[in-house]
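Colleague: Hi! Could you walk me through this model? I'd like to start with the core.

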Amino acid sequence: MTSSSSDLYLGFGSVVIAITIFVAAEVISLIIGRTAKVAGARPSVIRDIKTAIRLIAVLLIVSQVLQFTGLASEFTTLTISGVTAIAVSLALQTTLSNII
């Protein structure tokens, strides 16, 4: 592959990854938001959950694009994903305990 076609492949692949993760996060956010509303959750709780899902999606997009382009190793991506998951779960601990 030439350099320009390789760059095009990396750019297109990165965009596809980003769009796929974003759409999946929005679908999950919609489903969880409607379920929480039916369960009687306050609007602020629903907003916090949707914000957390979007934050996770952005971090997942960044880590997957870095891995796809070869700028990050698999272990780095796993480490970043694990630390992010722990941070988000600790931040949402009281919010989720109010729902459950």
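Colleague: Which residues make up the largest nonpolar core?

Modeller: Bear in mind that this is a predicted model. Its largest nonpolar core is a set of eight residues: Ile17, Ile21, Ala25, Val45, Ile49, Ile53, Ala57 and Ile61.

Colleague: Thanks! Which helices each supply at least two residues of this core?

Modeller: Those are helix H1, spanning 3-39, and helix H2, spanning 43-69. H2 gives the most, with five residues.

Colleague: Let's zoom in on Ile21. What does Ile21 touch, not counting residues up to four places away in sequence?

Modeller: Ile21 touches Ala57, Leu60, Ile61 and Gln64.

Colleague: Good. Now Ser14: where is Ser14 placed, and does Ser14 count as buried or exposed?

Modeller: Ser14 is in helix H1. Its relative accessibility is 12%, and buried means under 20%, so Ser14 counts as buried.

Colleague: And which residues is Ser14 in contact with, leaving aside neighbours within four places in sequence?

Modeller: Val65, Phe68 and Thr69 are in contact with Ser14.

Colleague: Switching to Leu90, where is that one placed, and is Leu90 buried or exposed?

Modeller: You'll find Leu90 in helix H3, residues 74-91. Leu90 has a relative accessible area of 55%, and exposed means over 50%, so Leu90 is exposed.

Colleague: Let's zoom out, then. How many helices and strands does the chain have?

Modeller: There are four helices and zero strands, and the order from the N terminus is α-α-α-α. The radius of gyration is 17 Å, well over the 13 Å that the globule rule gives for 100 residues, so the chain is more spread out than a compact globule.

Colleague: What box do the C-alpha atoms fill?

Modeller: Along the principal axes, the box is roughly 55 × 25 × 15 Å.

Colleague: And what percentage of the residues count as buried?

Modeller: Of the 100 residues, 22% count as buried. The chain exposes about 7000 Å², and carbon and sulfur atoms supply 72% of that.

Colleague: Last topic, charges. How many Å apart are the mean positions of the positive and negative charges?

Modeller: The chain has 6 positive and 4 negative charges, and their mean positions are 21 Å apart.

Key
Residues are numbered from 1 along each chain as its sequence is written. This is a predicted model: local features need pLDDT of at least 70, side-chain atom pairs count only at pLDDT 80 or more; totals for chains, interfaces and linings use all residues. Side-chain values use heavy atoms; hydrogens and water are left out. The radius of gyration is taken over C-alpha atoms; the globule rule is 2.2 Å times the number of residues to the power 0.38. Buried means under 20% relative accessible area, exposed over 50%, partly exposed in between (1.4 Å probe, protein chains only). Accessible areas come from the Shrake-Rupley method with a 1.4 Å probe; for residues, only the protein chains shown count as cover. Lys and Arg count as positive and Asp and Glu as negative; His and the chain ends are not counted. The place of a charge is taken as NZ of Lys, CZ of Arg, CG of Asp or CD of Glu. A nonpolar core is a set of buried Ala, Val, Leu, Ile, Met, Phe, Trp, Tyr and Cys residues joined through side-chain atoms within 4.5 Å. Contact means heavy atoms within 4.5 Å.
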